[in-house]
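I opened this notebook to record what I looked up in one structure. The entries follow the order in which I made them.

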Amino acid sequence: MRRRTFLGMSSGLGIVATGLVPAPASAGGRRPDLLVAADGSGDHSGIQAAIDAAPVGATRPYVIGVRPGTYLGQVIVPSTKPLIELRGLGRRPADVVIADDRANGTPKPGGGTWGTSGSASVTVDGAGFRASNLTFANLFDEAAHPEITNRQAVAVLTRADRLVFDRVRFLANQDTLYVNSSAAGVIARVYLRDCYVEGDVDFIFGRATAVFDRCRVHSLNRGTTPNGYVTAPSTDITNPHGLLFDHCRFTSDAPAGTVLLGRPWHPSNDPNAIGQTIIRQSWIGPHIPDAAWSDFGTWPWEQARFAEYRNYGPGALVSENRPQLTAEQAASSTVEAFLRGSDGWRPERC
């Protein structure tokens, strides 16, 4: 199994693929309210300490500037701390790394294990959270821990509404990015632009409405058949909007035809979790086969809401195994339509 070099990657972000240039460290709006530095020269040396210092119930954004460095330890943004922004102050997203290293089956100090949600390096429960120009990672090393069989290791878990990730990398293996909501039937919207998401099994999953705009989605080579699944949506039947990938790039170093686009996740066998993944106007590499979708246990993929529209590249095939949106359906399956909601949300870049 190929392992990434978390702390030394200098490329891989969606902006590299599209030819855009990262914003300079001074970009991103007003000056930070607080600075974090790994060497202790800032207001705080830890990310959690900085979040703890943010005001409760804020009504305007609270910007935490993060100087280049590696910040280890689990981070939780509570629901009482809305409108927090983490802004990486390096020249590129790889310059700031926020990471932890626990998995679902990692033993907890007080007994038991962490579980999938508890494994998250970063958990976001605060509405209006933003992050830009940095990296979130889960460093759990599967090969070094053969005794741990439950290997889900989340880099970021989101459960709040109106979240924005701009020029951010998400790195892990299984279950990298868990876009969820506070409860079944509750809408939680996440906008990701020019981001890079890397993993292997179900590495973008959950019931949130999540829009990936001009992102790169990279599947690792596990050396197995299949090599993995990109998405595992659990969208509630009452939510018309699940996962949307618009003008993205799906890449991999896995052999041709060994990675699947997704499978429908039904948490606790919930029959109302009718997952949705829509991929439109995106480049798809040869790692994706004609039969691109998979059943999840006894749940058939045909009963989920999987579709594509005007994709291109060697893995962008059109067949009975690859449902396509009609022009009318595509017109209502846009970035704006997915994010608008009842409040007319139109997120700006960080």
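Entry 1, surroundings of Asp202. I listed the contacts of Asp202 (heavy atoms within 4.5 Å), leaving aside neighbours within four places in sequence, and found Asp175, Tyr229, Val230, Thr231, Ala232, Arg263 and Phe296. The model is predicted, so I note its limits: local features need pLDDT of at least 70, side-chain atom pairs count only at pLDDT 80 or more, and totals for chains, interfaces and linings use all residues. Residues are numbered from 1 along each chain as its sequence is written, and side-chain values use heavy atoms, with hydrogens and water left out.

I then placed Asp202 in strand E14, residues 201-206; strands (E, at least two residues) and helices (H or I, at least four) are DSSP runs numbered from the N terminus.

In UniProt, an unreviewed entry lists Asp202 under "active site". The unreviewed entry also gives residues 33-341 as "domain: Pectinesterase catalytic". I keep in mind that such annotations may be inferred rather than shown by experiment. Over residues 33-341 I read 7% helix and 34% strand, with the end C-alpha atoms 30 Å apart.

I found Arg214 in the loop between strand E15 (209-213) and strand E16 (216-219). Arg214 counts as partly exposed because its relative accessibility is 34%.

I counted five helices and 23 strands. The radius of gyration is 19 Å, close to the 20 Å of the globule rule for 350 residues, so the chain is as compact as a globular protein of that length; the radius is taken over C-alpha atoms, and the rule is 2.2 Å times the number of residues to the power 0.38. The C-alpha trace spans about 60 × 50 × 40 Å along its principal axes.

Of the 350 residues, 55% are buried. I also noted that, among contacts between residues at least 6 apart in sequence, 75% join residues at least 24 apart.

Definitions and conventions:
Buried means under 20% relative accessible area, exposed over 50%, partly exposed in between (1.4 Å probe, protein chains only).
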